[in-house]
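Subject: Structure for you to look at

Hello,

Here is the structure I said I would pass on. Please have it open while you read the notes below it.

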Amino acid sequence: MPLYRDEAVVLRTHKLGEADRIVTMLTREHGKVRAVAKGVRRTASKFGARLEPFMVADVQLYEGRSLDIITQAESVGSYGADITTDYGSYTAASAMVEAADKLTEAEASLQQYLLLVGALRSLARREHGASLTLDSYLLRALSIAGWAPSFNDCSVTGAPGPHSAFVVQLGGVVADAVAPPGAPRLDSNTLLLLSSLLTGDWAAADDADERTRSQASGVVAAYTQFHLDRGLRSLEHVDRRTTA
Amino acid sequence: MYDGIVQELIDELGRLPGIGPKSAQRIAFHILQTETFDVTHLAEVLMTVKEKVRFCDVCGNVTEQELCNICRDPRRSAATICVVEEAKDVVAIERTREFKGLYQVLGGAISPIDGIGPDDLRIRQLMQRLADGTVTEVIIATDPNLEGEATATYLSRMLMHLDLRVTRLASGLPVGGDLEYADEVTLGRAFEGRRLVEN
Ligand SMILES: [Zn+2]
C-alpha cells in the first residue's frame, strides 16, 4: 500500500532542510508514524496549521523508503489554537504529547489514540483544570501501557485497602507490613483524587482543593518519571497555576 | 561507516540543523573531491565568526560589538520594542522598513518538549528594559506557529499588569510558518494591522 489514509494527532515536529518538517504523529490505525511534510514552513503552504502539534487531521500518506510523505491533510480537530491561548494548557498538552511519543510504537493502539485526542479536546474546551487533565491523562496512558498504579489495594500483596504508604517503585500503595521504612505517606484525600483521576470520576476530581491537587500532581510526576525512559522533559515546565 | 576522520566530518556536519545523514555525506564528499573548494577560507570564517560575533548586550541581536547597529542608532525610537524569536526575524522585519523602534531577540520560543522554558529565553532582560517606563508599546512578533503563539500568550500574561500597550502582529500571517518566510508586503501589512492584546 504505497498510499494510505488515516486519522492522526500530531505529537511534535522537527525542522528539515529549508522549509520542510518531519511530523511525528499518532495515528488511529497505523500506530506512531514519522512523515515528511514538504514546504510547510513557507507561509504559503497549503498545510499551514494543520500539521502543528495538538492538531487532529485526516491525513493521506505516501509510503517512502525511510520516511513516509504527507500528501494531504484535512483538519478534524484544531485544538492547537485554543490550547495556546492559555499557557497552563499549552504546557500540559506538551507533556501529554511527549508522554504519548514515549508510550507508543509502530503498533496501533486505538486506546492511546482516543485517550490523547480526548484529553487535548478537553484542554481546548477548558473542561477541567489543565493540571488535573494532564495528571489524569498520564495515569491512564501509563495504565494502558501496562503500568496501572494501585491507589487502594496493596500493590504487592493485594491486601484490601485503604493503605497510606506509597512507593513508586512498587507500583502504588502498599500495606504497612511490606512498606519500606520511611516510605512516603499519602492522606486519604490525595488517594481519593488519584483514584478519581485514574477512573475519570471528574465530579469528585473537580472538587479537590489546591493542596490535594498539588500533592497528587507530585505523585503522578514521580510515577511518570519512574516509568518513562529518561523521563519527560516537559514535566518540569508545566505551569500548575490554576487560571480563573 | 567510513574510516576515521571522514566519518568524523560527516558526523559533525550531520549535527547541524536541517542536515540529515545523506546531506552530510554529500557535503563531506563535496569538500573532499572539489579541488577549487577553499577549505582554509571556510575554516577562517568559522573561527572568526565564533570569535567576534556575540549577542547585543541590550537586545540579544547578533553583533560584533557590545551593542548592535540598531541599539546604537540614535534615530530609532526607544518607546517601542518589537519582540522576536531569532536574529533572522530582525532581518526580515528590517526589510519591510515599517518599524523604527528597537528589538528584543528572545533566542527561541517556549517549547517544553525540547526542554525550553521561559527562563531559557531573554524574557527577564525584556522585563528589565521595561522597568524605567521609557517603553510605551511592546509588539509581540513571535512566529505564527504553535510555539510562537504560546510564547506570545506567556509574554502577554507577564506584560498585562504593566502600564503599556501590548500588540501582536496581525493574523494576516499564515499560521504554521516561520516569520522569516513572510514576504515584505505581508509582513509590512501585519505590522500596520497589529492588534491590541486583551486580557
Ligand atoms: Zn541590540
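In chain A, strand β4 (residues 55-62) is mostly covered, with six of its eight residues buried. Buried means under 20% relative accessible area, with a 1.4 Å probe and protein chains only. Strands are DSSP runs of E, at least two residues long, and helices are runs of H or I, at least four, numbered from the N terminus.

This is a predicted model: local features need pLDDT of at least 70, side-chain atom pairs count only at pLDDT 80 or more, and totals for chains, interfaces and linings use all residues. Residues are numbered from 1 along each chain as its sequence is written, chains are lettered from A and ligands numbered from 1 in the order in which they are written, and side-chain values use heavy atoms, without hydrogens and water.

β4(A) has two neighbours to look at; strands pair if DSSP finds at least two bridges between them.

- Strand β1 (residues 3-16) of chain A runs antiparallel to β4(A), joined by seven bridges. Ala8(A) has Ala57(A) as its bridge partner in β4(A).
- Strand β5 (residues 68-78) of chain A is also antiparallel to β4(A), over eight bridges. Here Val56(A) has Gly77(A) as its partner in β5(A), and a hairpin of five residues joins β4(A) to β5(A).

β1(A) comes up again in the largest pocket, where β1(A) gives the most to the lining, with five residues. Also supplying at least two residues each are α2 (87-103) of chain A and α7 (146-159) of chain B.

Regards

Terms used. Buried < 20%, exposed > 50% of the residue type's maximum accessible area, 1.4 Å probe, protein only.
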